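Thank you all for coming; I would like to walk you through one structure today, going slowly for anyone who has not seen it before. Please have a look at it first.

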Amino acid sequence: MTSCLDAARPETAPEETSRFRPAIHFTARDTWLNDPNGLVFYDGLYHLFFQNNPYGNVWGNMSWGHATSRDLLHWTEHPVAIACDETEDIFSGSVVVDHGNTSGFGAADAPALVAIYTSAYKAGSEHSGTQAQSLAYSTDAGMTWEKYAGNPVLTRNSAHFRDPKVFRYEGKHDPCWIMVAVEAQHQKVVFYRSEDLKSWDFLSDFGPANADAGEWECPDLFPLAVDDDPENIKWVLIVNVNPGAVAGGSGGQYFVGEFDGIRFVPDAGSLAAPAGVSALGDSAAAAAALQQCLWLDWGRDCYASVSFSDAPDERRIIIGWMNNWDYANELPTAPWRSSMTLARELRLTALNGFARLVQQPALAGLTTGEDLTAAHEQLRSGTFELRDSTFRLPAAVPDSAQVIEAEIRPGNAEYVAFHLFGNPDETTGTVLSYNATTGQLVLDRRRSGNTGFHEKFASVESAPLVLEDGVLKLQIVLDHCSVEVFAQDGKVVLTDLIFPAARSQENWLTAGGGTATVLKLAVSTLS
Ligand code: FRU
């Protein structure tokens, strides 16, 4: 069968865009990528499959690219794993390790890896006009893949049935495989079960609910203990939505509730508006309801986040696509275009009586930056004060990422602001500020550099933030073309792309309208 990999390769990079290449975020060498797919840990390696156009740097020829990593920071790209052909594009999906050889693709002592992906059938093919779920399997630890001859294994004769996430369920009923997928245009998550991955029975559906103005895509469902209490297990249902996310365009929402092996029931505290936000129309009420939904990330550029299967120690680790369909095809980089977010570990914690997600970037043990407060001349008690003044931080370093960790008591200051990737004149830059009057964390990229490649790119994002003991806690990861912010120990996360002008690498901190106290300020460089 002819594969779709016959198109011309993209031209080589304009030199100046190579400085946007991230140091610790995955990008394909010289092609387009979107959603992470088939995240799985197997035999000491994290596998990241991804939506890839192997022969172009805009969306198209959808196939699964492949990369592996031992530490979730340094990735090695491998040849295309599952390629499109004349009948189908290979849309998003997941990979499981078939430990019990339920599918028969492997052997009892050598489990196959099984990919469950969406066949997006092309015009003229037997299933033309539909999206259905198909299998491919690997018996060499994920390096080469065979499509199953009996594909598709599950169809609903629907044009928008896609993005299967499969996991092993061992609850009240007999152990089985559960598939979570979407009817994208009906804002529904659909649940199926199977004994062998090949034959599937419908269980239930969920939705519309909360942010439901756009298509629902790339769902995920998994259990987590609330505050590490094994007696208090909740289920988290991730539903990505495009458009209609809180910052505009694409974004990831989640629900917390119960799953009994058949249906997902959200906790009342998970629902912003019982009938879904779109029922409120285009009103201020709808905007306010959107703020009440639960968001994985309040920025513009974190989409299609899904979690690893079989992660060590039952950790729940997600990766998102660091982009937004509003302008994804136009990002000013070449020949590569688009990157993934950092891997993030999820936990549930009780906040005001409701279970909520917190996220930490997978950087454990690496942020050993010197505490800059120790070097500050005013320092006596391990802290220093800022009032209408500027404190300079180390400038960004080519080929390295920086992690800024700060604990600041805003006190009576009206704002505290980090200026990131600024120019030497301090007239441009990305501004991350805490506004004490509104209680919002604000990420402003209107003067971040090249914003002109798309009318929707220049933007200001904000998220409600509650100080803890009067303290603002930030972990800010800077990596050439991105700012990822984990605030209040990961309770609030904000991710934005930026494309700074050449020589814009200055970082500084200011506070104004009163006096803020810096309790901790450390910068680590990761290459
Ligand atoms: C999400 C998405 C998925 C689909 C894939 C196609 O970004 O639209 O729903 O499977 O991208 O590339």
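**Pockets, cavities and the domain boundary**

Let me begin with the second largest pocket, whose lining divides by class into 17 nonpolar, eight polar and three charged residues, where Ala, Val, Leu, Ile, Met, Phe, Trp, Tyr, Cys and Pro count as nonpolar, Asp, Glu, Lys and Arg as charged, and the others, Gly among them, as polar. What you are looking at is a predicted model, in which local features need pLDDT of at least 70 and side-chain atom pairs count only at pLDDT 80 or more, while totals for chains, interfaces and linings use all residues. Residues are numbered from 1 along each chain as its sequence is written, and side-chain values use heavy atoms, with hydrogens and water left out.

This second largest pocket has a volume of about 730 Å³, and of the 28 residues that line it, Trp298, Leu351, Arg356, Pro464 and Lys491 lie nearest its centre. By pocket I mean, on a 1 Å grid over the protein atoms alone, an open set of points with protein on both sides within 12 Å along at least five of seven lines, whereas a cavity is a set of points where a 1.4 Å probe fits but cannot get out, and lining residues have an atom within 4 Å of a point. Grid points are joined across faces, edges and corners, and a volume is the space filled by probe spheres set on the points. The largest share of the lining, four residues, comes from β20, a strand here being a DSSP run of E of at least two residues and a helix a run of H or I of at least four, numbered from the N terminus.

The C-alpha centres of domain 1 and domain 2 lie 32 Å apart, and the contact, meaning heavy atoms within 4.5 Å, takes 20 residues from domain 1 and 21 residues from domain 2. Between them the two domains bury about 1700 Å², 57% of it on carbon and sulfur atoms, buried area being the accessible area (1.4 Å probe) that two parts lose on being put together, summed over both. Trp298, Arg300 and Met322 supply 35% of the area that domain 1 buries against domain 2, more than any other three residues.

The largest cavity holds about 60 Å³ of space, and β9 gives the largest share of its lining, three residues.

I will finish with valine 483, which sits in strand β30 (residues 482-487). Is this residue buried or exposed? Valine 483 is buried, with a relative accessible area of 0%, where buried means under 20%, exposed over 50% and partly exposed in between (1.4 Å probe, protein chains only). Leaving aside neighbours within four places in sequence, its contacts include Leu420, Leu443 and Ile498.

Key:
Domains from an automatic or database assignment.
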